[in-house]
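Trainee: May we go through this model together and ask what lies behind each term?

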Amino acid sequence: MKQFQCELSWSASRAKEWERCQREYWYGRYASWGWWTEQPRGDKYEVMVHKCLTSLPAHAGDCAHRAIQRWFELKRDGTTMSTKELFEECVELFRDGWRESAGDGWKAKPNKSVHLDEHHYGREIPKERTDMARQLLERCAKYFCESPDLAVARDAHPDSWRSLETMDTYQFLGTKIYAVPDFAFTDGDTLHIYDWKTGKPREDDIFQLHTYALYACEKWSTDPEQIMLHAAYLGEEKVQSIAVDLNQLSEAQDRMSFSLREMMDAHYDPDVDDLMMENWVASPEPRKCGWCRFRGICPEVAK
């Protein structure tokens, strides 16, 4: 049987977690390690349950991503999906996840199921919020299927596709780096990388896209000056497209290096190393802690 080892790895989302609160990062990356060996289930299992919580907006965003992936898969098979059909796919995925979370369905496989933060903590979800989620999914489906801004992506021939929601890794500073471009394809000599966004624009979105450009350079030997990056804000109905700038790409790599080296200094293997909690400083702030999925078990949560 394969022996699992708690290895250090990096992604843009993990870096964001590290920067937000290193105690949150410890809960998310180390505190639940080995939960599958607990008999009976105990503290590690409880941390894992909290680790897998998701919010209502994040669930809606995931449903949009999965439905768009399905749109492309059907296109690859020679079938088209209309705006109405894409929206219905989004809604069905959303409802399936809601039912799983609201009942006991998530308990069978909590690490592979939808479990909403709002349900776990007993927060009321007013109808206005579910209506907003439905409206968001409707806007996303319409913009993806009908906007001229995304025509080049929709029209890309499957033979030109390089990535479709495919989780992959490459090595940087001897460490596994995760990259999951939502969609990438070539058009002549140009590689286009798309990231579907259902929330509002954030400064870190462009940094994340540049990490995907670094992935493309490493995995596909792409010339960085022939990469176009697209942050497609489906809910906002706009696309921010930028050509890779070598200086900005270098800055992104430097930021990755700094973040990764900080994580290296704190990394340990829970199976063999002593835990030093001073490496996992909490950053208790009401704004952060109020939505942290570990707030129910973290003793440092801000009141």
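Mentor: The questions below take up cysteines, aromatic rings, charges and backbone angles in turn.

Mentor: This is a predicted model, in which local features need pLDDT of at least 70 and side-chain atom pairs count only at pLDDT 80 or more, while totals for chains, interfaces and linings use all residues. Residues are numbered from 1 along each chain as its sequence is written, and side-chain values use heavy atoms, with hydrogens and water left out.

Trainee: Why is C140 called buried?

Mentor: Buried means under 20% relative accessible area, exposed over 50%, and partly exposed in between (1.4 Å probe, protein chains only). C140 has 3% relative accessibility, so C140 counts as buried. C63 is buried too, because its relative accessible area is 0%.

Trainee: What makes the pair of W18 and Y25 edge-to-face?

Mentor: Rings of Phe, Tyr and Trp (its six-membered ring) pair if their centres lie within 6.5 Å; planes under 30 degrees apart count as stacked, over 60 as edge-to-face and the rest as tilted. By this rule there are 27 aromatic pairs. The ring centres of W18 and Y25 are 5.2 Å apart and the planes stand at 90°, so this pair is edge-to-face.

Trainee: Why is the pair of F185 and Y194 called stacked?

Mentor: The centres are 6.1 Å apart and the planes of F185 and Y194 are at 15°, so the pair is stacked. Both F185 and Y194 are buried. They belong to a cluster linked by ring pairs, whose members include W71, F144 and W196.

Trainee: Over the face of which residue does R255 lie?

Mentor: R255 lies over the face of F207, at 3.9 Å from the ring centre. The rule asks that NZ of Lys or CZ of Arg be within 6 Å of the ring centre and within 35 degrees of the ring normal.

Trainee: What makes the phi of E165 worth noting?

Mentor: Most residues other than glycine have a negative phi. E165 is not a glycine, yet its phi is positive, about 50°. At 21% relative accessibility, E165 counts as partly exposed.
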